[in-house]
Amino acid sequence: MITVIGWLIGLSMFALMVVLFVHVLFALLLIVPSWRIFERAGYSGLLSLFHLVPVIGPFIVMAILAFGDWSSGEGRSKPAGS
């Protein structure tokens, strides 16, 4: 019985490490493009590191870009007459 519990703990630790590795890999793939987008929007590129926050990090990044003021003007919609 103790051997089974040991195997389950070991298996769960392995699964946790795999999930952590995949999360960090995916976050690193998103950091570079979002860094450039933040800089073009007039924000600090360091805000793209929010991708490292599990589960809600990408939503934080999207909220900042969607609802923030882009000082460079690239995010503003053009008037209908122009």
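**Labels and the values behind them**

Modeller: Let me begin with a detail of this predicted model: the backbone oxygen of G45 lies 2.8 Å from a polar atom of the side chain of S48.

Colleague: What makes that a polar contact?

Modeller: The limit for a pair of N or O atoms is 3.5 Å, and the G45 backbone oxygen and the polar side-chain atom of S48 lie 2.8 Å apart, so the pair falls within the limit.

Colleague: Is S48 called buried or exposed, and why?

Modeller: S48 is found in the loop between α1 and α2. Its relative accessibility is 0%, and because buried means under 20%, S48 counts as buried. Leaving out residues up to four places away in sequence, S48 touches I31, S34, W35 and F38.

Colleague: Why is H51 given the label it has for accessibility?

Modeller: H51, too, is found in the loop between α1 (2-41) and α2 (57-67), and at 7% relative accessibility it is under the 20% cut-off, so it counts as buried. When residues up to four places away in sequence are not counted, H51 touches H23, A27, L30, I31, S34, G57, P58 and V61.

Colleague: What joins the side chains of H51 and S34?

Modeller: A polar contact of 3.4 Å joins them, and since the limit is 3.5 Å, that distance is within it.

Colleague: How far apart are L30 and H51 in sequence and in space?

Modeller: They are 21 residues apart in sequence, while their C-alpha atoms are 7.1 Å apart. L30 is found in helix α1; at 27% relative accessibility it lies between the cut-offs of 20% and 50%, and therefore counts as partly exposed.

Colleague: Which label does L29 receive, and why?

Modeller: L29 is also found in helix α1, but its relative accessibility is 58%, which is over 50%, so L29 counts as exposed. With L11, F14, V18, F21, V22 and L25, L29 makes a nonpolar surface patch of about 740 Å².

Colleague: How many helices and strands are in the chain, and what share of the residues counts as buried?

Modeller: There are 2 helices and 0 strands, and of the 82 residues of the chain 15% count as buried. The accessible surface comes to about 6,500 Å², with 78% of it belonging to carbon and sulfur atoms. Among the contacts with a separation of 6 or more, residues 24 or more positions apart account for 44%.

Technical notes:
Residues numbered from 1 in each chain as written. Predicted model: local features only at pLDDT ≥ 70, side-chain atom pairs only at ≥ 80, totals over all residues. Heavy atoms only, no water. Helix = DSSP H or I, 4+ residues; strand = E, 2+ residues; numbered from the N terminus. Buried < 20%, exposed > 50% of the residue type's maximum accessible area, 1.4 Å probe, protein only. Polar contact = N/O pair within 3.5 Å; in protein donor to acceptor, adjacent residues only side chain to side chain. Contact = heavy atoms within 4.5 Å. Patch = residues over 30% accessible without salt bridge, like charges linked within 9 Å, V, L, I, M, F, W, Y side chains within 5 Å. Areas by Shrake-Rupley, 256 points an atom, 1.4 Å probe, with all protein chains shown as cover. Salt bridge = Lys/Arg side-chain N within 4 Å of Asp/Glu carboxyl O.
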